[in-house]
Amino acid sequence: MQRRHQKLIEEAPSPALTDELRRAMGVAAIKAVRAVDYRNAGTIEFLLDTTGKFYFMEMNTRVQVEHPVSEQITGTDIIKEQLRIASGEPMSCASRAPFTPFGHAMEFRINAEDPEHGFRPCPGTITRFEPPAGPGVRVEAYVHSGSKISPYYDSMVAKLIVSGQDREECLARGRRALDEFVIEGIQTTLPFHRRVLDNEVFCAGEATTDFIETQMGDVL
């Protein structure tokens with residue numbers, strides 16, 4: 001889920017992929033990294049068209065912001081494995097490769113932006129910060145009550161990651177966690193995410209990269 005090519009929500013496994021297509025992407029990704037003898041954590045990105053064909057877009061030679069969704073459905077600590085590679089040690093998860101995804105996960109980027117006014121930046125001081133908790137809920141953040149959000153850096157203040165046995169459970173946990181997440185003192189994208197999880201197209205797994213423009217044009 002993206003706005004101006006900036007991702008706001010990520011999920012895995014993708015509801016748009018069949019098992020066969022997922023395997024084909026995996027083969028293409030491995031072929032690409034072996035061709036350049038790449039040895040580190042990294043991400044290969046593809047674009048999928050409406051006919052089911054996929055195309056290489058780019059490779060990010062780093063850990064992505066959305067790496068927690070991959071961690072949740074593979075049971076792998078990607079950061080730990082990256083450090084092992086850098087230290088010349090073997091990956092502890094190598095014996096489990098290739099991975100078969102289990103369950104479902106979503107990540108919501110909580111940005112200091114006002115979605116009701118074109119996602120304009122909202123720097124300021126957080127007066128209250130109470131993240132959600134419970135089964136299948138993970139929060140990564142650097143802020144707390146009293147934190148000052150600067151206008152000079154990336155607007156993301158937290159990541160909310162939820163996981164479940166399947167997509168329906170993941171969606172249910174996402175709704176609960178977003179409702180319980182409290183950030184006061186600044187405007188954030190929490191209300192936007194709550195609206196997305198109430199959208200029929202998104203809940204049906206039929207969203208495309210132009211979802212925000214076509215389904216939520218009133219927030220642009």
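Reader: Which residues of H2 are buried?

Author: The buried residues of H2 are His67, Pro68, Val69, Glu71, Ile73 and Thr74. Buried means under 20% relative accessible area, exposed over 50%, and partly exposed in between (1.4 Å probe, protein chains only). Helices (H or I, at least four residues) and strands (E, at least two) are DSSP runs numbered from the N terminus. This is a predicted model, in which local features need pLDDT of at least 70 and side-chain atom pairs count only at pLDDT 80 or more, while totals for chains, interfaces and linings use all residues. Residues are numbered from 1 along each chain as its sequence is written, and side-chain values use heavy atoms, with hydrogens and water left out.

Reader: In what order do the strands of the open sheet stand?

Author: Strands of a sheet pair through backbone hydrogen bonds, either parallel or antiparallel. Two strands count as paired if DSSP finds at least two bridges between them. Here 4 strands form an open sheet, in the order S3-S6-S13-S11, with antiparallel pairing. S3 and S11 stand at the edges with a single partner strand each, so one side of each has no neighbour in the sheet. From one strand to the next, the twist averages 15°. Between S11 and S13 there are 5 bridges, and Ala141 has Ala158 in S13 as its bridge partner.

Reader: Which helix lies across S3, S6, S11 and S13, and at what angle to S13 does it run?

Author: Axes are lines fitted to C-alpha atoms, for helices over the stretch in contact, and angles run from 0 to 180 degrees between N-to-C directions. Helix H4 (residues 167–180) lies across these four strands at about 140° to S13.

Reader: How many residues lie between S4 and S5 in their hairpin?

Author: The hairpin has 5 residues between S4 and S5, and Gly52 in the turn has a positive phi of about 95°. The two strands run antiparallel, joined by 6 bridges, with Phe46 opposite Phe56 in S5. Leu47 is also found in S4 (residues 43–48), and it counts as partly exposed because its relative accessibility is 45%.

Terms used. Contact = heavy atoms within 4.5 Å.
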